[in-house]
Amino acid sequence: MGFLGVLLPMIRLYLVGVRVLLYQLFNRSFTLPALPSQHGRVAIVTGGARGMGFEVARSLTGLGMHVIIAGNVEEEGLEAVTKIRDETKEGKVEFLFLDLSSLHSVRQFAQRFKATGLPLHVLVNNAGVMMVPERRTEDSFELQFGLNFLGHFLLTHLLLDTLKRSGRHGNHSRIVNMSSATHYGARLNLEDLQSRSCYSSHGAYSQSKLALVMFTYYLHEQLTAGDFPVSTNAVDPGMVDTALYQNLCSPAQLLQRPVARLLFRTPAEGASTALLAAVATELEGVGGCYLYNGQRAASSETSYDQDLQAQLWKQSCSLVGL
């Protein structure tokens with residue numbers, strides 16, 4: 001089972017990857033509509049110093065938003081801030097330190113943000129690591145599940161009251177969770193969310209992205225039941241030419257560079273669906289969706305299992321101390 005436990009998630013992930021590449025071969029990235037001005041509104045973008053996160057932060061700032069780039073490398077974050085400030089005079093951008101692999105850091109970040117007294121209209125949960133060798137966070141979580149999912153799960157909970165106060169009916173606050181097509185090949189193991197029995201870097205990554213989709217749906221139901229002016233959606237950016245692919249298996253790494261030049265989306269194209277979810281007029285008040293290439297799409301069958309969603313929510317609350 002140990003060998004199969006590593007091999008099968010890898011096969012499932014690469015099969016999903018092939019399907020995505022075939023789609024991208026025959027379908028261009030959608031064109032963003034004109035986006036409304038965001039003057040007076042505030043956004044947090046995790047992992048906003050590079051890749052798709054940087055493109056999201058840059059675009060939101062250009063729309064007039066006050067954007068907080070949240071990241072765990074201060075020098076990189078400050079460089080991103082300087083670059084965006086040099087490019088646009090519309091909004092305001094700043095950096096705040098956040099290490100999503102540390103629950104203590106997540107709580108510190110939320111406290112620092114709340115101390116500013118700013119409202120919060122958009123939270124883009126973008127940061128992530130992909131297919132890394134087995135590692136544990138300081139809280140002993142498997143790194144991909146801990147950083148990609150649990151860190152964002154806790155961050156969202158800690159900022160939810162601010163999001164609720166900042167939103168209005170007809171002008172909702174928005175939560176955007178960056179998932180991935182890899183979630184289609186994921187298996188959610190509630191008995192071993194930390195992958196202790198058999199670690200597969202591919203399986204752990206896919207599971208973290210499935211968890212984000214299920215979290216999106218369950219949170220949407222709670223927000224709707226409470227009639228809160230906050231919308232939450234999951235976004236699939238497609239296969240994007242970023243630094244995340246450095247942990248592919250050796251044969252895939254050899255193919256990745258030439259294939260990326262031909263078929264991968266650019267970071268700006270990958271960021272476009274997240275921007276749509278964050279500010280587009282046509283998605284005002286719309287939540288509980290899985291968005292791909294600018295359209296609503298069906299996520300995996302597992303992701304709609306409400307019992308699994310509830311169990312994941314309960315376990316996650318216990319793990320992060322809520």
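A: A residue is called buried when its relative accessible area is under 20%, exposed when that area is over 50%, and partly exposed in between. The model examined here is predicted. By that criterion, strand E5 (residues 173-178) is mostly covered, with six of its six residues buried. The burial holds on both faces of the strand: Ser173, Ile175 and Asn177 point one way from E5, Arg174, Val176 and Met178 point the other way, and all of these residues are buried. Strand E5 is joined to strand E4 (residues 122-125) by four bridges, and the two strands run parallel. Within this pairing, isoleucine 175 of E5 has leucine 123 opposite it.

The largest nonpolar core contains 49 residues, of which Ile44, Phe109, Phe149, Leu155, Leu159, Leu188 and Leu312 touch the most other members. At least two residues of this core are supplied by each of strand E1 (42-46), strand E2 (66-71), helix H4 (103-115), helix H5 (143-166), helix H6 (201-225) and helix H9 (306-320). Helix H5 gives the largest share, twelve residues. Leucine 312 illustrates the packing: leaving aside residues up to four places away in sequence, leucine 312 touches Phe145, Phe149, Leu188, Leu190, Leu193, Ala211 and Met214. There is also a second, separate core of 36 residues, which includes Phe54, Val56, Ile69 and Ala278.

Nonpolar side chains also occur on the surface. Val18, Leu22, Leu25 and Phe26 form a nonpolar patch there, and together they have about 420 Å² of accessible area. Phenylalanine 26 lies in helix H1 (residues 2-26). Phenylalanine 26 counts as exposed because its relative accessibility is 65%, above the limit of 50%.

The charged contacts complete the picture. Side chains of opposite charge can pair when their charged atoms come close. The count of salt bridges comes to seven. In one of them, the side chains of arginine 50 and glutamate 76 meet at 3.8 Å, N to O. This pair links distant parts of the chain, 26 residues apart: arginine 50 is in the loop between E1 and helix H2 (51-62), and glutamate 76 is in helix H3 (residues 74-87). Arginine 50 is exposed, with a relative accessible area of 55%, whereas glutamate 76 is partly exposed at 28%.

A salt bridge of 2.6 Å, N to O, joins the side chains of glutamate 55 and arginine 58. Both residues belong to helix H2, and because they are three residues apart, about one helical turn separates them. Glutamate 55 is buried, with a relative accessible area of 14%, while arginine 58 is partly exposed at 23%.

Arginine 136 forms a salt bridge with glutamate 134, and their closest N and O atoms are 2.9 Å apart. Arginine 136 is partly exposed, with a relative accessible area of 30%, and glutamate 134 counts as partly exposed at 44% relative accessibility.

Conventions
Residues numbered from 1 in each chain as written. Predicted model: local features only at pLDDT ≥ 70, side-chain atom pairs only at ≥ 80, totals over all residues. Heavy atoms only, no water. Patch = residues over 30% accessible without salt bridge, like charges linked within 9 Å, V, L, I, M, F, W, Y side chains within 5 Å. Areas by Shrake-Rupley, 256 points an atom, 1.4 Å probe, with all protein chains shown as cover. Salt bridge = Lys/Arg side-chain N within 4 Å of Asp/Glu carboxyl O. Buried < 20%, exposed > 50% of the residue type's maximum accessible area, 1.4 Å probe, protein only. Core = buried A, V, L, I, M, F, W, Y, C linked by side-chain atoms within 4.5 Å. Contact = heavy atoms within 4.5 Å. Pairing = 2+ DSSP bridges.
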